Amino acid sequence: MMEYFDIYLLEAMVNGLLLGGVLALLALGLNLIFGVIDVVWICYAELIMIGMYGMYYLVQYYGLPYYAAAPLTILLVAFLGLMLHFLVIEPLLDAAPINQLLATGGVLFFLQSFATVAFGIDFRNLGIRLPVLSIGDMYFSYSRLLAFVAALAGMVVVYLFMTRTYMGTAIRAISQDRQIMALMGVDTRKLYLVTSALGGGLAGLAACLLVLQYDVHPFVGLSFGPITFLIVVLGGLGNFVGGFVAAFLFAEIISLGGLFSDLEWGYVLAFAFFIIMMFIRPAGLLARRS
Amino acid sequence: MTSSVTLHQLVPWIVGAALIALPFVYGDPYHLHILILILIWSFAYTSWSMMGRFGLVSLGHGGFMGVGAYVTALLWNHLGVSPWVGIPIALVCAGALALVVAYPCFRFRITGHYFALVTLALSGIVLQVITATRDWTGGSLGYTPSRTTGSHLAALQFDDKTTWYLIALGVWAGGLLIWRWVDRSMDRYALEAISEDEDAAAAAGVNVTFEKLKITVISALMTAFAGAMYCQYQMFISPDTVSGIAVSLQMVFAVVVGGIYVAMGPTVGAIITIMLAEGLRVGFGTKAVGWDNLVYGVLLVVFIIFLPKGILGSLLARIRSSSKQ
């Protein structure tokens, strides 16, 4: 009896770890946008939803292979991120932060209902079923493993971009001091656009990975959007490492909580944990107390 | 000068009398239904703007509304508790929830983005709890308070629209009175000072945490009451219609469109949003699914960029500036 329990526990923990990889990727995109532009994209998960539809149509409708459709989707969502910044955020750069938040909330409504109108409310999937890996009595899906590996790879690429290129260095600098960088002759507008495209691209990558695990429908964003915001806030807005740690912590809570009861209770536990942590460490998990 | 002042004072009474008389003159059930919905939602939006106007942007009001609706309905169905008792209990629950979440937030100075996201978590929790306890609440399929077999008054269930219209009108007017009461109180100045600069307000002797807590609890109680009213009127609630992030955003949207800083702003917002949704529904039928939100979304973005004071707020500002000249 005890043996089975342990195996389930271990399986849930590993699955939590795999889920954490994707959540960390989502958190990274949001953190990047917030850290650099100081804006929270409430509609981030909806960008992913559009990307998932992009994958669906490219693979199912135009018959492209998965690995050819993925780069196209990443480009598509990167372009959406660019447009979001250009059309919505740029006119509001000097407005109150809460107005920026609400405007992207409007974009959330727009994208959701656009998907409802354009694609209908049916659940759709790629029709690709990856095999299940079994180790002993434990089962893991390849799609989750692939998502985990690709998410980690994506994060490494972003890390290298941020530390090894001129553009990345400039982006990191601007997140430290917005005003001074403009005085140093840096074109902040261009950097903001690049960052938005990069954030969009990360959303696109997430879309390619999530579409393997979940059916697409216009409201799919609501199932992982709120979680992403909580992770980002828990890690400290704009704190990349904090977001990474928080993503795995959250994923484990959801996965282990779901083991003992329904999946919803896993979410309830994770949300409650978030609220409690906000009181213990309001500035984020890894923040130093001032 | 004196005559214009008296006229100004008379307008609410005339409008009020006309609104009360309306269902007796014109009793079309469909139009009354739309009016009742507008009044109930106006009240909910007014509740949100009670704190929203002071920069306390909450995305958790869907949670309070859900608590108000579900606690009332669950007490009625499972324990047979009349809504006359159930609604106060629901309000206490919502108030307690608001205290538990808001006190530490304000104590530890969680403001702006962070406050919005913490409250977002709150509405997420309420939504997930309702869905997870599907054995009692019906989960995402929704929940119906059982029809009363006894007194309609005791069960707060009425079949005719005129009664509901008058109740909704009273509730809405009550909401405006509370708005006005806050608007004329010292708390308003304290809260405005806080929204400008917390440290300066605290240095000037304002009890920042207490003032914010007070307005949050008032706002949460009102929102929960709106949820209970909606439940009693519609006799059907689901997590999507009274709880969750979509409802929270809908409140924010309506208030921003109508005007966040003026008393009638949320009402104008409710009229616009509900008329828009109904107009599209009637005009396009089932093809209109999604179109109303599409228009909302675009309008919300456009309003925040070009008219951050909202329709009514901008109109009033224009009238005031032209009358000064």
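How many residues does the contact take from chain B and from chain A? I began with this, keeping in mind that the model is predicted, that local features need pLDDT of at least 70, that side-chain atom pairs count only at pLDDT 80 or more, and that totals for chains, interfaces and linings use all residues. Residues are numbered from 1 along each chain as its sequence is written, while chains are lettered from A and ligands numbered from 1 in the order in which they are written.

**Entry: the contact between the chains**

I found 37 residues from chain B and 38 residues from chain A in the contact, where two residues are in contact if their C-beta atoms, placed from the backbone, lie within 7 Å. On the side of chain B that touches chain A, α4 (83-107), α5 (112-132), α13 (244-258) and α15 each supply at least two residues, and the largest share, 14 residues, comes from α5(B). Helices here are DSSP runs (H or I, at least four residues), numbered from the N terminus. By class I noted 28 nonpolar, 9 polar and no charged residues on that side of chain B, with Ala, Val, Leu, Ile, Met, Phe, Trp, Tyr, Cys and Pro counted as nonpolar, Asp, Glu, Lys and Arg as charged, and the others, Gly among them, as polar.

**Entry: α4(A) against α15(B)**

I looked up how helix α4 (residues 97-119) of chain A packs with helix α15 (residues 291-306) of chain B, and the angle is about 155°, with the axes 7 Å apart. That makes the pair roughly antiparallel, a term for angles over 145 degrees. The residues that meet include Gly105(A), Phe109(A) and Phe110(A) from α4(A), and Gly297(B), Val301(B) and Ile304(B) from α15(B). This helix contact has 15 nonpolar, 7 polar and no charged residues.

**Entry: Leu74(B)**

I placed Leu74(B) in helix α3 (residues 61-79) of chain B, and Leu74(B) counts as partly exposed because it has 18 C-beta neighbours inside 10 Å. Not counting residues up to four places away in sequence, Leu74(B) touches Trp136(B) and Thr137(B).

Definitions and conventions. Axes are lines fitted to C-alpha atoms, for helices over the stretch in contact, and angles run from 0 to 180 degrees between N-to-C directions. Angles under 35 degrees count as roughly parallel, over 145 as roughly antiparallel, 65 to 115 as roughly perpendicular and the rest as oblique. A residue is buried if 20 or more other C-beta atoms lie within 10 Å of its own, exposed if 12 or fewer, and partly exposed in between; C-beta atoms are placed from the backbone.
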